[in-house]
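Hi everyone, thanks for coming.

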Amino acid sequence: MQKVSAVLVTYNRLKLLKKAIDAIQQQTYKVNTIVIIDNNSTDGTKEYIESLSLETKIEYVRLSENGGGAMGFNQGVRYFVEHTNDDFIWLMDDDTIPYPDTLEKLLQFGNSVGNFGFLYSNVRWIDGSFSEPNHPWANNKPIPDGTVEAVKVTEGNFVSLLMNRDIVQKIGLPYKEFFIWQDDIEFTRRASRVAPGYWVPQAKVVHETGANVAPNIMTIDQSRINRFYYDIRNALFIRRTEKGFAGLIYLAIIKVLGSVRILFSNTDHKREKLSVYKKGIIDGFKFKPSREFAKSK
(Lines give C-alpha, C1' and ligand atoms only; values in the text may rest on other atoms or scores of the structure.)
Protein backbone atom coordinates (compact mmCIF):
# COMPACT_ATOMS: atom_id res chain seq x y z
CA MET A 1 0.00 0.00 0.00
CA GLN A 2 1.30 3.46 -0.91
CA LYS A 3 1.99 5.58 2.15
CA VAL A 4 1.44 9.33 2.22
CA SER A 5 2.68 12.10 4.50
CA ALA A 6 0.44 15.17 4.65
CA VAL A 7 2.52 18.25 5.46
CA LEU A 8 0.78 21.43 6.62
CA VAL A 9 2.55 24.72 7.23
CA THR A 10 0.81 26.97 9.73
CA TYR A 11 1.11 30.33 11.42
CA ASN A 12 -1.50 31.73 13.80
CA ARG A 13 -4.53 30.20 12.07
CA LEU A 14 -5.57 27.59 14.60
CA LYS A 15 -9.26 27.64 13.69
CA LEU A 16 -8.50 26.81 10.06
CA LEU A 17 -5.77 24.36 11.00
CA LYS A 18 -8.27 22.35 13.04
CA LYS A 19 -10.56 22.12 9.99
CA ALA A 20 -7.66 21.08 7.77
CA ILE A 21 -6.54 18.34 10.15
CA ASP A 22 -10.10 17.05 10.49
CA ALA A 23 -10.49 16.95 6.69
CA ILE A 24 -7.24 15.02 6.34
CA GLN A 25 -8.43 12.50 8.93
CA GLN A 26 -11.63 11.98 6.96
CA GLN A 27 -9.88 11.05 3.72
CA THR A 28 -11.19 7.94 1.98
CA TYR A 29 -7.54 7.00 1.41
CA LYS A 30 -5.91 6.98 4.84
CA VAL A 31 -2.95 9.30 5.37
CA ASN A 32 -0.07 7.56 7.13
CA THR A 33 1.55 10.62 8.73
CA ILE A 34 0.51 14.21 9.36
CA VAL A 35 3.39 16.65 9.75
CA ILE A 36 2.58 20.08 11.17
CA ILE A 37 5.25 22.72 10.59
CA ASP A 38 4.52 25.62 12.90
CA ASN A 39 6.15 28.97 12.09
CA ASN A 40 6.25 29.88 15.79
CA SER A 41 2.52 30.53 16.24
CA THR A 42 1.32 32.40 19.32
CA ASP A 43 -2.39 31.53 19.14
CA GLY A 44 -2.41 28.24 21.05
CA THR A 45 -1.42 26.04 18.10
CA LYS A 46 1.38 24.36 20.08
CA GLU A 47 -0.87 23.49 23.01
CA TYR A 48 -3.63 22.20 20.74
CA ILE A 49 -1.43 19.92 18.64
CA GLU A 50 0.36 18.53 21.67
CA SER A 51 -3.00 17.70 23.29
CA LEU A 52 -4.28 15.67 20.35
CA SER A 53 -4.69 11.93 20.67
CA LEU A 54 -5.43 10.75 17.16
CA GLU A 55 -5.38 7.48 15.32
CA THR A 56 -3.39 9.14 12.54
CA LYS A 57 0.20 9.76 13.54
CA ILE A 58 0.95 13.46 13.94
CA GLU A 59 4.46 14.88 13.96
CA TYR A 60 4.75 18.42 15.27
CA VAL A 61 7.70 20.63 14.31
CA ARG A 62 7.78 24.07 15.89
CA LEU A 63 10.27 26.49 14.33
CA SER A 64 12.12 28.97 16.52
CA GLU A 65 10.91 31.94 14.43
CA ASN A 66 8.55 32.74 11.59
CA GLY A 67 10.64 32.17 8.48
CA GLY A 68 7.67 32.55 6.15
CA GLY A 69 5.89 29.90 4.15
CA ALA A 70 9.07 29.12 2.21
CA MET A 71 10.93 28.12 5.38
CA GLY A 72 7.95 26.10 6.52
CA PHE A 73 7.72 24.08 3.32
CA ASN A 74 11.50 23.68 3.19
CA GLN A 75 11.39 22.13 6.65
CA GLY A 76 8.30 20.11 5.86
CA VAL A 77 9.86 18.46 2.81
CA ARG A 78 13.07 17.89 4.78
CA TYR A 79 11.14 16.22 7.59
CA PHE A 80 9.30 13.97 5.14
CA VAL A 81 12.58 12.76 3.62
CA GLU A 82 14.59 12.43 6.83
CA HIS A 83 11.98 11.18 9.31
CA THR A 84 9.47 9.06 7.36
CA ASN A 85 9.53 6.14 4.96
CA ASP A 86 6.37 7.29 3.19
CA ASP A 87 6.15 7.15 -0.60
CA PHE A 88 4.42 10.48 -1.25
CA ILE A 89 4.28 13.93 0.27
CA TRP A 90 1.05 15.92 0.16
CA LEU A 91 1.88 19.59 0.73
CA MET A 92 -0.85 21.94 1.98
CA ASP A 93 -1.50 25.33 3.51
CA ASP A 94 -3.27 25.55 6.86
CA ASP A 95 -6.31 27.07 5.15
CA THR A 96 -6.66 24.18 2.68
CA ILE A 97 -9.72 22.02 3.27
CA PRO A 98 -9.58 18.91 1.05
CA TYR A 99 -12.67 17.05 -0.09
CA PRO A 100 -13.00 13.56 1.48
CA ASP A 101 -11.73 11.87 -1.70
CA THR A 102 -9.02 14.38 -2.71
CA LEU A 103 -6.07 12.15 -1.87
CA GLU A 104 -7.76 9.12 -3.39
CA LYS A 105 -8.28 11.01 -6.67
CA LEU A 106 -4.69 12.23 -6.73
CA LEU A 107 -3.30 8.74 -6.20
CA GLN A 108 -5.69 7.19 -8.73
CA PHE A 109 -4.51 9.59 -11.39
CA GLY A 110 -0.86 9.23 -10.35
CA ASN A 111 -1.08 5.45 -10.65
CA SER A 112 -2.76 5.72 -14.04
CA VAL A 113 -0.13 8.02 -15.52
CA GLY A 114 2.88 6.45 -13.80
CA ASN A 115 5.66 8.98 -14.12
CA PHE A 116 4.93 12.50 -12.85
CA GLY A 117 6.79 15.40 -11.30
CA PHE A 118 3.86 16.64 -9.26
CA LEU A 119 0.07 16.56 -9.12
CA TYR A 120 -1.78 19.80 -8.44
CA SER A 121 -5.30 19.83 -7.04
CA ASN A 122 -8.35 21.66 -8.36
CA VAL A 123 -8.37 24.58 -5.90
CA ARG A 124 -11.79 26.15 -5.35
CA TRP A 125 -12.89 29.05 -3.21
CA ILE A 126 -15.59 28.92 -0.52
CA ASP A 127 -18.39 29.55 -3.05
CA GLY A 128 -17.22 26.74 -5.35
CA SER A 129 -15.62 28.94 -8.00
CA PHE A 130 -11.95 28.73 -8.98
CA SER A 131 -9.63 30.14 -6.34
CA GLU A 132 -8.29 33.05 -8.38
CA PRO A 133 -4.83 33.26 -6.74
CA ASN A 134 -4.41 29.54 -7.52
CA HIS A 135 -5.95 29.37 -10.99
CA PRO A 136 -3.97 26.81 -13.04
CA TRP A 137 -2.36 27.77 -16.33
CA ALA A 138 -1.29 25.66 -19.29
CA ASN A 139 0.26 26.79 -22.58
CA ASN A 140 0.41 30.40 -21.33
CA LYS A 141 -3.32 30.70 -20.66
CA PRO A 142 -5.66 29.86 -17.76
CA ILE A 143 -7.33 26.47 -17.81
CA PRO A 144 -11.08 26.94 -18.39
CA ASP A 145 -13.44 26.20 -15.53
CA GLY A 146 -15.38 23.02 -16.21
CA THR A 147 -12.37 21.17 -17.66
CA VAL A 148 -12.81 17.49 -16.75
CA GLU A 149 -9.61 15.92 -18.05
CA ALA A 150 -6.23 16.26 -16.35
CA VAL A 151 -3.96 18.85 -17.95
CA LYS A 152 -0.17 18.96 -18.15
CA VAL A 153 1.15 22.00 -16.29
CA THR A 154 4.63 23.26 -15.48
CA GLU A 155 3.81 24.83 -12.12
CA GLY A 156 1.46 24.56 -9.17
CA ASN A 157 0.93 25.89 -5.66
CA PHE A 158 1.56 24.48 -2.21
CA VAL A 159 -2.18 24.81 -1.51
CA SER A 160 -2.48 21.12 -2.40
CA LEU A 161 0.40 19.37 -4.14
CA LEU A 162 1.38 15.68 -4.30
CA MET A 163 4.93 14.55 -5.09
CA ASN A 164 6.75 11.25 -4.75
CA ARG A 165 9.90 10.66 -2.77
CA ASP A 166 12.09 9.98 -5.80
CA ILE A 167 11.32 13.37 -7.35
CA VAL A 168 12.03 15.19 -4.10
CA GLN A 169 15.36 13.46 -3.73
CA LYS A 170 16.30 14.38 -7.29
CA ILE A 171 15.42 18.06 -7.17
CA GLY A 172 16.17 18.95 -3.55
CA LEU A 173 14.20 21.12 -1.15
CA PRO A 174 12.23 24.34 -1.73
CA TYR A 175 14.35 27.46 -1.30
CA LYS A 176 13.82 28.68 2.26
CA GLU A 177 15.34 32.05 1.37
CA PHE A 178 12.29 32.94 -0.75
CA PHE A 179 10.39 33.68 2.50
CA ILE A 180 7.01 34.01 0.77
CA TRP A 181 5.66 33.90 -2.80
CA GLN A 182 7.03 32.12 -5.84
CA ASP A 183 8.67 29.34 -3.77
CA ASP A 184 6.08 26.80 -4.90
CA ILE A 185 6.27 28.06 -8.49
CA GLU A 186 10.04 27.58 -8.57
CA PHE A 187 9.84 24.18 -6.85
CA THR A 188 7.21 22.76 -9.19
CA ARG A 189 8.91 24.16 -12.27
CA ARG A 190 12.06 22.42 -11.07
CA ALA A 191 10.11 19.16 -10.73
CA SER A 192 8.47 19.53 -14.15
CA ARG A 193 11.91 19.53 -15.77
CA VAL A 194 12.37 15.98 -14.44
CA ALA A 195 8.87 14.62 -15.14
CA PRO A 196 5.59 16.21 -16.27
CA GLY A 197 3.30 17.92 -13.80
CA TYR A 198 -0.48 17.60 -13.98
CA TRP A 199 -3.50 19.53 -12.77
CA VAL A 200 -6.08 16.97 -11.62
CA PRO A 201 -9.64 18.42 -11.78
CA GLN A 202 -11.28 15.59 -9.81
CA ALA A 203 -9.00 16.19 -6.79
CA LYS A 204 -10.73 19.21 -5.27
CA VAL A 205 -9.85 21.29 -2.24
CA VAL A 206 -11.28 24.49 -0.80
CA HIS A 207 -8.88 27.36 -0.16
CA GLU A 208 -10.52 29.31 2.66
CA THR A 209 -8.99 32.72 2.04
CA GLY A 210 -10.72 35.91 3.14
CA ALA A 211 -11.41 37.02 -0.43
CA ASN A 212 -11.17 35.38 -3.83
CA VAL A 213 -8.76 37.83 -5.44
CA ALA A 214 -5.12 37.62 -6.44
CA PRO A 215 -2.78 39.97 -4.53
CA ASN A 216 -2.49 43.36 -6.22
CA ILE A 217 -0.01 46.00 -5.10
CA MET A 218 -2.30 48.75 -6.38
CA THR A 219 -5.08 47.88 -3.93
CA ILE A 220 -3.45 45.87 -1.14
CA ASP A 221 -3.50 47.01 2.48
CA GLN A 222 -0.47 49.09 3.49
CA SER A 223 0.65 46.52 6.04
CA ARG A 224 1.17 43.98 3.25
CA ILE A 225 2.92 46.15 0.66
CA ASN A 226 6.39 44.92 1.63
CA ARG A 227 5.42 41.37 0.67
CA PHE A 228 5.65 42.34 -2.99
CA TYR A 229 9.40 42.73 -2.61
CA TYR A 230 9.66 38.95 -2.35
CA ASP A 231 7.35 38.41 -5.31
CA ILE A 232 9.50 40.64 -7.55
CA ARG A 233 12.88 39.42 -6.34
CA ASN A 234 11.93 35.74 -6.45
CA ALA A 235 10.30 36.00 -9.90
CA LEU A 236 13.47 37.59 -11.29
CA PHE A 237 15.58 34.82 -9.78
CA ILE A 238 13.40 32.18 -11.43
CA ARG A 239 13.63 33.92 -14.80
CA ARG A 240 17.40 34.33 -14.42
CA THR A 241 17.96 30.63 -13.69
CA GLU A 242 15.62 29.42 -16.45
CA LYS A 243 16.14 31.94 -19.25
CA GLY A 244 19.56 33.41 -18.54
CA PHE A 245 20.52 37.07 -18.62
CA ALA A 246 18.36 37.94 -21.62
CA GLY A 247 15.28 36.53 -19.93
CA LEU A 248 16.15 38.37 -16.75
CA ILE A 249 16.40 41.69 -18.56
CA TYR A 250 13.04 41.09 -20.26
CA LEU A 251 11.26 40.47 -16.97
CA ALA A 252 13.10 43.35 -15.28
CA ILE A 253 11.79 45.70 -17.96
CA ILE A 254 8.25 44.45 -17.30
CA LYS A 255 8.72 45.14 -13.59
CA VAL A 256 10.09 48.61 -14.30
CA LEU A 257 7.00 49.32 -16.39
CA GLY A 258 4.96 48.16 -13.41
CA SER A 259 6.63 50.78 -11.26
CA VAL A 260 5.88 53.45 -13.90
CA ARG A 261 2.24 52.40 -13.71
CA ILE A 262 2.31 53.01 -9.97
CA LEU A 263 3.92 56.41 -10.47
CA PHE A 264 1.11 57.65 -12.74
CA SER A 265 -1.77 55.99 -10.92
CA ASN A 266 -4.10 57.19 -8.17
CA THR A 267 -2.97 54.47 -5.77
CA ASP A 268 -2.09 55.27 -2.16
CA HIS A 269 1.39 54.97 -0.61
CA LYS A 270 3.19 55.47 -3.92
CA ARG A 271 6.60 56.09 -2.41
CA GLU A 272 6.48 52.88 -0.40
CA LYS A 273 5.30 50.85 -3.38
CA LEU A 274 7.96 52.29 -5.68
CA SER A 275 10.62 51.54 -3.06
CA VAL A 276 9.47 47.91 -2.92
CA TYR A 277 9.68 47.64 -6.72
CA LYS A 278 13.13 49.21 -6.83
CA LYS A 279 14.58 46.99 -4.12
CA GLY A 280 12.98 43.84 -5.56
CA ILE A 281 14.36 44.53 -9.05
CA ILE A 282 17.88 45.31 -7.81
CA ASP A 283 18.03 42.28 -5.55
CA GLY A 284 16.59 40.05 -8.26
CA PHE A 285 19.85 40.45 -10.17
CA LYS A 286 22.01 39.18 -7.30
CA PHE A 287 19.78 36.91 -5.20
CA LYS A 288 21.47 33.50 -4.82
CA PRO A 289 19.60 31.05 -2.57
CA SER A 290 21.35 27.76 -1.84
CA ARG A 291 19.95 24.45 -3.06
CA GLU A 292 19.62 21.90 -0.24
CA PHE A 293 19.17 18.14 -0.35
CA ALA A 294 17.87 15.93 2.46
CA LYS A 295 19.08 12.40 3.17
CA SER A 296 16.56 9.59 3.52
CA LYS A 297 15.77 8.10 6.88
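So, which residue forms a salt bridge with Arg189, the closest N and O atoms being 2.8 Å apart? That's Glu242. By salt bridge I mean a side-chain nitrogen of Lys or Arg within 4 Å of a carboxyl oxygen of Asp or Glu.

Quick housekeeping. This is a predicted model, where local features need pLDDT of at least 70 and side-chain atom pairs count only at pLDDT 80 or more, while totals for chains, interfaces and linings use all residues. Residues are numbered from 1 along each chain as its sequence is written, and side-chain values use heavy atoms, leaving out hydrogens and water.

Back to Arg189. It also forms a salt bridge with Glu155, with the closest N and O atoms 3.0 Å apart. That pair links distant parts of the chain, 34 residues apart: Arg189 is in helix H6 (residues 183–192), and Glu155 is in the loop between strands E9 and E10. Helices here are DSSP runs of H or I with at least four residues, strands are E runs of at least two, and numbering starts at the N terminus.

Arg189 is partly exposed, because its relative accessible area is 22%; buried would be under 20%, exposed over 50%, and partly exposed is in between, with a 1.4 Å probe and protein chains only. Glu242, at 27%, is partly exposed too.

Now another pair: Glu292 and Lys176 meet in a salt bridge at 3.1 Å, N to O. They sit 116 residues apart in the chain. In total, the structure holds 15 salt bridges.
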